[in-house]
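Thanks for coming. I will walk through one structure, from the overall fold down to single residues.

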Amino acid sequence: PYLTDEAASEYVYTTWLNFHTFWEKFRTTGGCYGSGIFPDAGEGCLKMSTYRDPDPVKHADLLPQTVQELADTEFTHEDIEKAIVSCYSDAITPQTPQDRGKQAFETFLYANNGFKQVKVDKLLAVKDADVKNAAQRLAQMSKEGSHRVVFCDNSKDSYGKNLDLPL
């Protein structure tokens, strides 16, 4: 769930993945223009993607496989600290007028204006063991029920049913 200790540790872990393994494996070596992993606490799922990918079908299978392989990684304390600092930086970055409006709307909807501070407090409380547990949880999540969607001209014969989406 959103704004829990688990969500904070998953955010730290996926930040490490994005700037460490995913960067190397999918961007540098795989030739993708972009790649990423995002735990969606609201939906209770793990979202992974590549962008401008020279081999999207291969990478659609490789993304969850990579998460599963890294579940038992021994993280250094320094790696975790760097990921926390990156997450913290994202959380305290000054907001644009559009972001301030969005936050005001969320405050109105949920009757809570302390989300930002709660998020920061949770991030700063993440411990090394929490990140290890997050890695194992997300690896399990990537095994249990995943769906792959490939959008590109080359994918028409690669995956099951083709849908004509009005874009």
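**Overall fold**

Read along the sequence, this protein follows the pattern α-α-β-β-α-α-α-α-α. That comes to seven helices and two strands, where helices (H or I, at least four residues) and strands (E, at least two) are DSSP runs numbered from the N terminus. A word on the source: this is a predicted model, in which local features need pLDDT of at least 70 and side-chain atom pairs count only at pLDDT 80 or more, while totals for chains, interfaces and linings use all residues. Residues are numbered from 1 along each chain as its sequence is written, and side-chain values use heavy atoms, with hydrogens and water left out.

The protein has 167 residues, of which 34% count as buried; buried means under 20% relative accessible area, exposed over 50%, and partly exposed in between, with a 1.4 Å probe and protein chains only. Take the contacts between residues at least 6 apart in sequence: 68% of them join residues at least 24 apart. Contact here means heavy atoms within 4.5 Å.

**Helix H1 and its partners**

What does H1 meet in H7? On the H1 side there are Glu6, Ser9, Glu10, Val12, Tyr13 and Thr14, and on the H7 side Asp130, Val131, Ala134, Ala135, Arg137 and Leu138. These residues divide into six nonpolar, two polar and four charged. For the classes, Ala, Val, Leu, Ile, Met, Phe, Trp, Tyr, Cys and Pro count as nonpolar, Asp, Glu, Lys and Arg as charged, and the others, Gly among them, as polar.

H1 covers residues 5–19 and H7 covers residues 128–144; they pack at an angle of about 85°, with their axes 8 Å apart. That makes H1 roughly perpendicular to H7, a label for angles of 65 to 115 degrees, with under 35 roughly parallel, over 145 roughly antiparallel and the rest oblique. Axes are lines fitted to C-alpha atoms, for helices over the stretch in contact, and angles run from 0 to 180 degrees between N-to-C directions.

H1 also packs with H2, residues 21–29, where the axes come within 3 Å and cross at roughly 40°. Here Trp16, Leu17, Asn18 and Phe19 of H1 meet Thr21, Phe22 and Trp23 of H2. That contact has five nonpolar residues, two polar and no charged.

Glu81 counts as partly exposed because its relative accessibility is 42%.

**Two more residues**

Leaving aside residues up to four places away in sequence, His59 touches Phe26, Gly30, Cys32, Thr50 and Asp53.

Arg52 sits in the loop between strand S2 (45–51) and H3. Its phi is near 45°, a positive value in a residue other than glycine. With 56% relative accessibility, Arg52 counts as exposed.
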